Amino acid sequence: MDRLPCGTKFATYRADHAWWQTRFTWIKMLFLAVVLFFIIPQFVGGYLISVCNMIGYTILAAMGVQLLIGYTGQITLGHAATIGMGAFACALSMYLFGVPYLVGLVIGAFAGGLLSLLFGLPCIKVKGFYIIMTTMAMQFITIDIILTQFLGPLAGKGRGGVISVEPEMFSIGPWVIYSTLDCYYWMLILVIIMFVFMANLLRTRVGRAWIAIRDNDIAAEALGVNIVRYKLLAFFIAGAMGGIAGSFWLTTQSIVSPEHFPFYWSLWLVGVLLIGGVGSLYGIIYGAIFMTGVLELIKLAIIPLSLMFPAIAGKFLHFKDFFFGLAIIIFLIFEPNGLAYRWWRAKRYIWLWPFSY
Amino acid sequence: MKRIWLFPIVVVLSIVALIASACPAPAPVAPVEVVKIGALQDMTGATSDVGVDEARGVAEAVAYFNDIGGINGKPIKLFQYDYGYRVPEAVTTYTRFRDYDKVIAVLGWGTGDTEALKPTITKDKIVYLSSSFSGHLCDPAESPYNFVYSSDYSTKARATIQYWYDNYWLKDPRYKEEREAGVKPRFAFFGHFGVPYATAPVEAIKEQAKMLGFDFLADQDVSLWALDTKSQVLAVKENPPHFVWHGNTTMSVSTTLKDFYALGLSGRGKKTMHGSNCWGHDENTIKLAGPAAEETLSANKVALFMWDYPMRATVHEYAQKINPGVPLEDRLVHAVGGWLKVHLMVEALTRMDNAGELDLRPEALDTTRARLKHYFEVAPLDDIAKLYGLAEFTVTPTDHRPSGKIAICQIEGGKFVDRGFVDMKALYPDLWAGWLGW
């Protein structure tokens with residue numbers, strides 16, 4: 001009965017706390033690894049690989065947002081700023097000082113983290129709508145002023161703040177991250193590391209403190225949780241995750257511009273969470289797949305159709321944005337817990353069939 | 001299990017995606033000899049105020065060239081897609097064009113996508129003919145596969161300020177007093193700092209202004225979506241500029257012009273005059289800004305839609321044929337730009353076919369893509385440029401700036417008037433080479 005996780009059957013704490021508790025789960029995860037590392041690269045063309053990279057980038061970018069909104073209860077609408085700061089710090093350190101990519105990545109993570117920490121300081125005093133305002137301020141101050149006015153011009157004349165790094169410089173030891181496929185593998189490695197890091201962090205004292213703050217910060221303080229320290233820690237780690245996401249984005253493009261991190265991207269990441277599931281790690285993945293995948297599905301339909309009916313390309317594409325607004329509203333009304341919860345319910349249903357309730 | 005229906009929807013969507021991706025590209029019924037071109041457009045995003053009409057122009061031009069026989073009898077298939085100025089979407093759409101639709105070349109749109117894709121294009125060796133004319137995209141040492149269809153922003157900006165200096169500051173009676181008192185003309189830049197399109201020519205125009213002896217006021221940040229710019233205009237009101245360079249697109253430039261007018265700084269005969277980049281003015285400027293736009297100078301990328309240029313009759317005919325719902329009076333200069341873009345591409349492909357190198361077999365795709373670059377550079381395309389009111393289009397393997405001759409136009413009595421060409425290459429022959437790439 002390895003397959004069905006019902007009934008008490010763990011004899012040790014270790015088994016009880018294991019991530020993958022049954023042999024069936026192990027086999028499933030092994031199969032997933034085979035699909036991700038061998039089947040997709042082998043049998044899927046360059047186009048879908050680049051879609052996967054975009055999904056990976058969205059996952060990495062949304063992870064910090066999930067940490068802040070989903071686990072610490074600090075609503076952020078400026079996360080693109082930390083991603084941009086990370087990407088710029090990584091790009092500039094490579095472009096100006098020729099540091100290796102991995103060092104650039106660490107610098108990017110710190111830069112993103114420190115920026116987020118700086119703008120997270122008001123959270124000591126304010127919460128709710130006001131913290132939204134400070135994170136929005138982070139978005140506009142960072143992108144429109146810091147990156148554009150001060151960091152961008154370091155790239156040289158006439159570039160409008162665009163920094164490009166030689167694609168050959170993205171190397172880890174002998175491995176040069178050059179092609180789309182290389183980026184794909186690097187994306188998988190980063191997503192797995194970050195995912196494991198965050199999943200485990202949430203099970204520690206720190207993670208539990210965050211969740212306590214999210215649920216009720218006054219009660220948490222009464223229980224002896226140092227709210228200031230933990231809130232700021234959450235801001236720092238979320239920012240550092242954003243910085244890592246930015247450094248990954250740099251790998252896929254070899255170029256970075258303030259235009260890559262607009263306000264809508266911050267909102268988009270919140271949309272990813274709302275659809276995937278707030279406060280759920282898997283929600284990040286489902287949300288990212290949904291938001292990126294649906295856009296590609298629309299493209300799949302529109303491009304052949306517009307060859308037959310040219311009017312579609314001009315007149316109906318506004319529906320694309322309309323659709324996302326609609327998707328978020330539908331999810332908020334019918335499934336506020338997001339796709340992750342829906343997936344869990346579906347799994348439960350299959351496990352317990354035909355005796356579900 | 002209530003509301004389980006969401007789950008099947010997701011499953012069905014994923015299955016559709018899987019099946020669709022497993023199917024071959026939706027072209028097997030078409031003949032093998034089809035020349036495929038991808039086009040990234042912005043019809044819904046930040047630059048859609050100018051992007052919609054260019055997209056229409058591109059589609060109309062392709063229809064025209066297919067009607068007259070395509071590339072020596074091979075029809076052109078255009079894959080056009082709106083990416084809403086969202087860079088991640090531009091990236092996936094480009095890879096779709098490259099790997100799935102298997103296009104020969106791509107017609108790009110703004111700085112957002114062109115900059116982001118520049119290293120990828122260089123790696124893939126695919127010609128990318130873009131509507132983003134940033135100076136550094138014209139340096140083949142840096143981006144050998146990027147082409148622009150009209151002169152770069154920096155040369156345009158230099159030419160516009162040169163024209164103003166020569167024809168207004170040195171000659172116009174309104175500046176007589178200041179000129180004789182030895183006052184230096186004052187320059188201000190208005191544009192969206194966070195957008196490379198707006199800021200790309202700033203260093204160039206400032207260098208030109210410095211050379212001509214200008215004084216500088218603080219740059220003012222105006223969003224591409226700005227609906228009110230009074231605070232920025234007020235910031236320069238105390239010591240008003242003589243010449244303002246606008247880096248944004250039509251909508252926000254018109255807003256700024258109106259605010260200058262409302263605060264009494266500019267308008268016919270006033271001392272503050274304006275110049276705008278080639279995406280910062282079009283037929284809508286007059287409708288949006290009215291008297292506030294009087295005397296504004298602009299560097300044209302092509303002739304305006306209603307002007308008299310050799311291709312006018314054809315452009316108008318296809319505009320009515322393909323987009324009958326849009327009256328000709330509402331069409332913009334950007335559609336003509338779309339035509340020029342397609343025409344240049346068609347000409348290069350025809351040259352390639354004439355040389356017997358347009359090999360459309362799937363196994364030869366990479367070679368054909370990489371080789372196309374040569375047919376832009378091999379000989380001037382001046383004849384094509386002249387059809388749309390430009391002076392020349394000549395690119396070489398070492399310099400992708402199409403021309404040093406910039407067409408200047410001005411708003412005069414509610415109409416755009418042609419002010420002829422300013423030849424920056426002839427005016428500054430010693431400096432011209434050094435201006436490449438910024």
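User: Is B:Lys125 buried, exposed or partly exposed?

Analyst: A residue is buried if 20 or more other C-beta atoms lie within 10 Å of its own, exposed if 12 or fewer, and partly exposed in between, with C-beta atoms placed from the backbone. B:Lys125 counts as partly exposed, because 15 C-beta neighbours lie inside 10 Å. Please note that this is a predicted model, in which local features need pLDDT of at least 70, side-chain atom pairs count only at pLDDT 80 or more, and totals for chains, interfaces and linings use all residues. Residues are numbered from 1 along each chain as its sequence is written, while chains are lettered from A and ligands numbered from 1 in the order in which they are written.

User: Where is B:Lys125 found, and what is its phi?

Analyst: Most residues other than glycine have a negative phi. B:Lys125 has a positive value, near 55°. B:Lys125 sits in the loop between helix H4 (111-124) and strand S4 (128-130) of chain B; helices (H or I, at least four residues) and strands (E, at least two) are DSSP runs, numbered from the N terminus. B:Asn72 also has a positive phi, near 50°, and lies in the loop between helix H2 (48-67) and strand S2 (76-82) of chain B. B:Asn72 is partly exposed, because 13 other C-beta atoms lie within 10 Å.

User: How many helices and strands does chain B have, and how compact is chain B?

Analyst: Chain B has 17 helices and 13 strands. The radius of gyration is taken over C-alpha atoms, and the globule rule is 2.2 Å times the number of residues to the power 0.38. For the 438 residues of chain B the rule gives 22 Å, and the radius of gyration is 23 Å, so chain B is as compact as a globular protein of that length. Buried residues make up 57% of chain B.

User: What are the corresponding values for chain A?

Analyst: Chain A contains 15 helices and four strands. Its radius of gyration of 21 Å agrees with the value near 21 Å for a compact globule of 357 residues. Of these residues, 46% count as buried. The C-alpha trace of chain A spans about 70 × 60 × 45 Å along its principal axes.

User: How many residues does each chain bring to the contact between them?

Analyst: Two residues are in contact if their C-beta atoms, placed from the backbone, lie within 7 Å. Chain A brings 48 residues and chain B brings 56 residues. On the side of chain A that touches chain B, H12(A) gives the most, with nine residues. That side divides into 21 nonpolar, 18 polar and nine charged residues; Ala, Val, Leu, Ile, Met, Phe, Trp, Tyr, Cys and Pro count as nonpolar, Asp, Glu, Lys and Arg as charged, and the others, Gly among them, as polar.

User: At what angle do helix H11 and helix H15 of chain A pack?

Analyst: Axes are lines fitted to C-alpha atoms, for helices over the stretch in contact, and angles run from 0 to 180 degrees between N-to-C directions. Helix H11 (residues 263-276) of chain A and H15(A) pack at about 20°, with their axes 3 Å apart. H11(A) is therefore roughly parallel to H15(A), since angles under 35 degrees count as roughly parallel, over 145 as roughly antiparallel, 65 to 115 as roughly perpendicular and the rest as oblique. A:Leu274, A:Ile275 and A:Gly276 of H11(A) meet A:Gly338, A:Leu339 and A:Ala340 of H15(A).
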